[in-house]
Each structure stands twice: as C-alpha cells, then as structure tokens.
Amino acid sequence: MKRKKMMAAVLAALMTCSAFTPAVAVKADDDVVKLKIWVFGEGSTEECEKVSEALSEITREKIGAEVEIYQTIDTEKLNLAMTSGEKLDLVCAHNLDRSGLVSSGMLLPLDDLYTEYAPDAAAMVKEEDTKALYFDDQMYFLPSNGDKARASGVMMRKDILDELGINADDIKGMDDFHDVLVKVKENYPDLYPLVPSWVGGGMQKTFHIDDIYNGLVVLENGFDPSDTTITSQYETQEWKDFCNYMYQWNQEGLLMPDAATSTDNSPMSTVGFADYENLIPGKEADFSKGNGHEFVSAQFVEPLKDTERNKGIWCIPAGCEYPEKAMELWNLLYSDKEVATMAAYGIEGVNYEWVEEGSVVKIPDGVKDTYTTYEWAWPNLNILPVFEGKDPAVRQELEEFNDSAARATSLGFVLDTSTIMNEITACNNVKQKYETPLQWGALDPEEAIPEFIEELEAAGLRTIHEEAQRQLDEYLAKQK
Amino acid sequence: MKSKMRKIRRYWPLYLMMLPACIYIFINNYVPLPGVSLAFRQYNFQKGIYGSPFIGLKNFKFLFASKDAWIIMRNTIGYNLIFIVLGTVCAIAVAILLCEIRSKISKKIYQTCILIPYLVSMVIISYLVFAFLSEGNGYINTQILAKLGMNKISWYNEPKYWPVILVIVNLWKNIGYNSIMYYAMIIAIDKTYYEAARVDGAGRWQQILHITLPAIKPTIVILTLMSVGRIMYSDFGLFYQIPMNSGTLLDVTNTIDTYVYRGLMQTNNIGMSAAAGVYQSVVGFILVITANLIVKKVDPESALF
C-alpha cells in the first residue's frame, strides 16, 4: 500500500515535469490543411487568432487550406523557431541571414512550385526582379513588390526648419547639414540636433557604396558600372570622411550623448531634430505619422536599385508539410487584394475601416492598434491600400521611383558565404567593436580606422574579398 | 551482492527520492551528449545530426581566428579568477559579520537586503547602472562630478574604468547568495569551541582565524573547485547587458560567451556554436581535474574526488 502511494507520488511528479514541455504540434482536422505563416509585425496573439479565423474562411474556399498567423518583430524568436525545427509553412525571413538559411538546408527550393502554383503572381513579377532570389541556380526566396530601390539622406523636424527659415531642398550634403545642426543647437538647447534611429546607435547608410554583404563586401561606387573591385565599406574614402564628420560633430556637441549605446528606440519622436534615413516616396508621411511631428527630408544619395532591396523575404522552410498549399497561399497574398488587405490590416470594421473604399484605410476611433503589421513586409505592397494621411498615388510613385532608380553594378548577385563562415564570424566581431563607435564619433578616426582595418585583415577580410571577387566576376561574366 | 541488496531494501525510499533527479540529469545532461559531434560537422537541417558531413576542427577556427582570441581568454579567465577570489573573501567576511549580529530582526533585515540583488535580472541592473553612468543624465556625472567641478566622463566609451565597474556589480549582485552558504556552515559550528577559546583568552580575531575558518575550509574548497570548473563560462548578462553592448569597451568586456553571441547572432551556425560549447566544457573539465589534483596533494581530505 505504502509503495503504491509512493509510486503515485513519483508518477505525479513526473507528470508535472512533462507538463512543462510545450506542445507545439498543431493538429489539423481530417482533410483541412492548416498553414502556419510567420509575419513581421507586432500584433497581439488574440488579434492574430481572430484575423486568422476570418482569413481562413476565404482561403478555405480559394485554396482549401486554413491559415494561422504568427507575428513578431523579434528576429531571434523567428531564428529560434526555425532552428528548433518548428513546423512553419510560409515565413517572412526579414533580417535573417539568407545565405546561412540556404546553406544549412533550412529552406525548400522553389523553382517548380513557383511556376506551377503561383501563376497569378508570376505573371505580375518583372524578370529583373527575380534575379536576386537565386542561390546556385535555385530559387529559394519569393519576389517582393515594394521599395526595390533606396535613396538616402536625413529626416528633419519641419517646424524647426521653418522657424529657422531654412529650406530642406537647400541641404545637399554633410557640410550644409552641419550648418543646420549648429543653428539648431544654438536656438533649441532642449533638442539633440542629431540622434540615432533606433537603439544601440542605429543608423541608415547614406553612402554611394553598393553593399553586397553587411559592409564587409562592397563596391565603392554602386552607380559606376566600371567599378567591380570588391572592398569593404570601412576602406572607402566616403565612409572615412563620414566618420571624420561625425567625430568633429561629436566634439562640437551636435550628437546625442551616448549615441552609440542609446537605449531609446525612437529618439526622433522626443528629443531629436534629425537622423539618417532611407528615403522612398511616402516616407515623410509615414515618418511624421510614426513620430508625432511633421518631418521633411533632404536627399544625399540618389536612388539605387540593389540586391539588398530585391532579395525577397518570403520563403518556405524545409519542414513545411504542404509546400504546394503554402505556395498557393503566397500567390493569394501577392495577387489577391482581399486576402492581402485582410492579412495586412485585419478585419474590416474591427481592425480597420475604409476612408475611401478600396484605397485608403484608417484604424477605427477608439481601437487600440493591436493588429499591426508592416505593410512593406508583405509580398506585394502595391495592391494594399494606404493609411489615412497618405496619398493613394504614392503606390504609383513608388513604382516609378523603382523603375527610374540607377541599377547597382552587382544587382542580382548574392554572396555564398558557406566557405568563408569562419572569417565572416571573426570579422563580425571586429565590426562590433569599431563600427558603431566610429560612426557616432566616439572614436578618433585618425587612430581607430587603421586599427579597425588591421584587425579586420587579421580576422580574414582579404580571404573574404578573394572569394567574393571570384564569385562576383563569375556572376558578371554570366550576365553578359 | 547480498549486502548491496540489503542496502537497497533498507534504504529504498531514499533511492526513490533520488530517482526523479537522476532521471532529470540523465535526460538533461547525458541524452544530448551525442550532440557533441555537431561541433565537428557542417550542420544541415535536412540531413540531420548524423547525416551532416564531417569537417574536422574547422568549426573551432573562428574562436582563434582573430587578434581578439587572447583578449577573450584573458577576460574570461581573468575576471572569473578575480570573482572567485574576491567573491569568496567577501562572502565569508559578510557571513562572519552576519553571525556577529545579535538582534534577530536586524539580522533578518541585513540578510534580505544583501540577497535582493541576486534576485534581480541583469537587464534591470544594467539600467540601474545606466542611471549612474549615463553621459547626459547619469547620477555620477550630474550630481557628483559636476558639483565637484570636474568634467563629465563618457563612461560607456572609456574602457579603463570597466574592470572595476564590472567587479563591483558582480560582487554586489552575488555576495548575498554566496554568503548564505558560508553563513549556514558557520552557525552550525559547535559553540563550545568558542567558549573554550574565550576561556583561554582568544580574541575575536583569533577565534575567527583558528575556529571559524578551519571549520568552513571544506566548504570553501568545494565551492571554489566548482567555480573553477566554470571558469571558461562567463555571466553573459554581466558582460553584455551591463556595458550596454558598447563597442568601445569590448577590449575589457568581451568574454567567450559574448564573443560567440556576437559572432553567431546573425549567422546562426549551429556547428560553430556547438564548437564553442565543447571548447568551454573541455577546458573546464581539465581545470577541475587539475585543481582537484592539487587540492588532493595539499590536503587529501578536502578533495572532491
């Protein structure tokens, strides 16, 4: 009797232990397929469930599958889900290391699926835009239609510029910008003239370089087709000049203190006057909405269409059980306005309402913004309505912007990093030590840049460049 | 054999009580052991652990690839040595002081106060530290240095201060927990020793030196040996969160854990992470064995095994 009691106690203890292991498997009903899609967004779990249910109503009819939406902006969370082998069917892999995903066999090759199960989308995609989706002649990522080119420059508070009597169009480069910052510092002691864009000294690149791999592998001038010599961002004159400017500005007190280790994710909405930004049509309106002031931009670098913006972010993980259905779902997200709108904005009347039927939406009054995705993270930005305050014509403008942008020399070239992983990992570590502090003027470029390059070289930068140059030359030869 | 059976029959409830922990250790520490082979493979998700190709020691290369390799080892081992020595000394000192407090209430209050930091997450502590050190609004810069008429210090860009800052933070956080262990040992010491010593005319200091310390020596040795085994592991939160991941400070804050995290955060190469883990364990293992051997030579009774 006693023994039995004891056994019961032990068993009970074991059961409580096993209760802690999370049950991840989602059992689909007998014949209905359930597709898990992972989206870049910040919606709450409850809202995602509601929207998934409503969306499933439509998809059940159109492709015979149900949808389950998961949202996060935490790259590490997605990373963990992918590496731990969680069953996902369609993933927005924004910010993940694409080459790593492919070379470790985490993704399905998509060539056949794409032509067979996504005919509507395939018909809408331009051929040029599929170039950067390939690794070793196999397509691993799906094309995205959105901002395919980027210009860059600075974003500034419009009210302050107006009060100072400055026209944003007159600010053409770093020297003009410096004079503005000095005036702001004199007249608005409560503001920091130049601030980071996100935590830890976040900053967009405002250089003419064609960035092939994280600043380690770049072409110095992406606008010049004759320049095909691989270098690193840190060896270019433009970047060195930039660091010199920032160092000097830091001495003059024009930068936010502790910028390189900032903990504020949007200082522009509170203490900042200006920051570095990517510029595309509609950006000023978006930025003003997001930061609660009116902002105006000045462009330093003309639009450039490069691999980075055309690499596609949607992919199908290798663990996907119904790749055909997943591809059909992606096809709907790309080509079907109803499905795309619901997936991006939620349920009509609950999460959004029409201001202008079919083209402009807004969040209903009194509704807390709980189903928030990022428009640009969806496959096709062009078929989505715009938020109130933005001109619907911006979609057309974006299209023109993409078409008119200069083509980067390396457009379509994707570096295969599998043989140079050791060197890249070591270089990433060196970068952590120098890049942000130099870009925020915390280190003296005179001393630090040579040290930086020397350490990069010790970590194998030249090996990376040799391999990258070989791959690039091969790629360019094929293009001719 | 027979006597063993008898032992089991006699003590079975104790064995049964041990069972869950054994199962746990087996599942958690032994079942994943074959995964060590990952460190020598180029992992492919479709081929699985045993199907992935062998690449020898290539995964380990990045640990030694750059000039940083020795800085990382120096920081990891150096800080841990300081933590072990200072941590033990301070914990024992605090434990002895606690024992000297007569009033029950104040004893409880002190105990709680020094234990609280141990329960606080490093992320929160990093913001407490930030409140002191922030360049624009930090307490030290605005309230102390400014009032003394000194220039502001950009703490997060000055490596020279950080060894001290990190040691202070680590001591402050862990001292409470460590001292509890010693405190428990000290109050268990038979009071008659002290009485006898007092009769013989020993002062407080002599009592500590000749009764308290020898009595807790085995505990000190075991706890130190255990820390030595973890000397290749660093407290990630302490070295990553507290300096706010500031690049300029890396020379004095980069340890093997933060190095691996920074290097692999973007690329998430499973083989290389496994390699780092294997390397840490192997070095830790060797150090424990060596330390234990030394202890055995000096004082066989205190050795772990």
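How far apart do the end C-alpha atoms of residues 410-477 of chain A lie, and how much of the span is helix and how much strand? In this predicted model, in which local features need pLDDT of at least 70, side-chain atom pairs count only at pLDDT 80 or more, and totals for chains, interfaces and linings use all residues, side-chain values use heavy atoms, with hydrogens and water left out. Residues are numbered from 1 along each chain as its sequence is written, while chains are lettered from A and ligands numbered from 1 in the order in which they are written. The end C-alpha atoms of residues 410-477 of chain A lie 12 Å apart, and the span is 74% helix and 0% strand; helices (H or I, at least four residues) and strands (E, at least two) are DSSP runs, numbered from the N terminus. UniProt lists these residues of chain A under "domain: DUF3502", in an unreviewed entry.

Helix H2 of chain A (residues 45-63) has a kink of about 30°, centred on A:Ser56, the bend at a residue being the angle between axes fitted to the seven residues ending there and the seven starting there. A:Ser56 is among the buried residues of H2(A), which also include A:Leu55 and A:Ile63 (buried means under 20% relative accessible area, exposed over 50%, partly exposed in between, with a 1.4 Å probe and protein chains only). The buried residues of H2(A) pack against strand S2 (65-72), helix H12 (323-335) and helix H13 (337-345) of chain A, contact meaning heavy atoms within 4.5 Å. H2(A) is followed by A:Gly64, whose phi is positive, near 70°.

Technical notes. UniProt positions are given in the numbering used here, feature names are shortened, and annotations may be inferred rather than shown by experiment.
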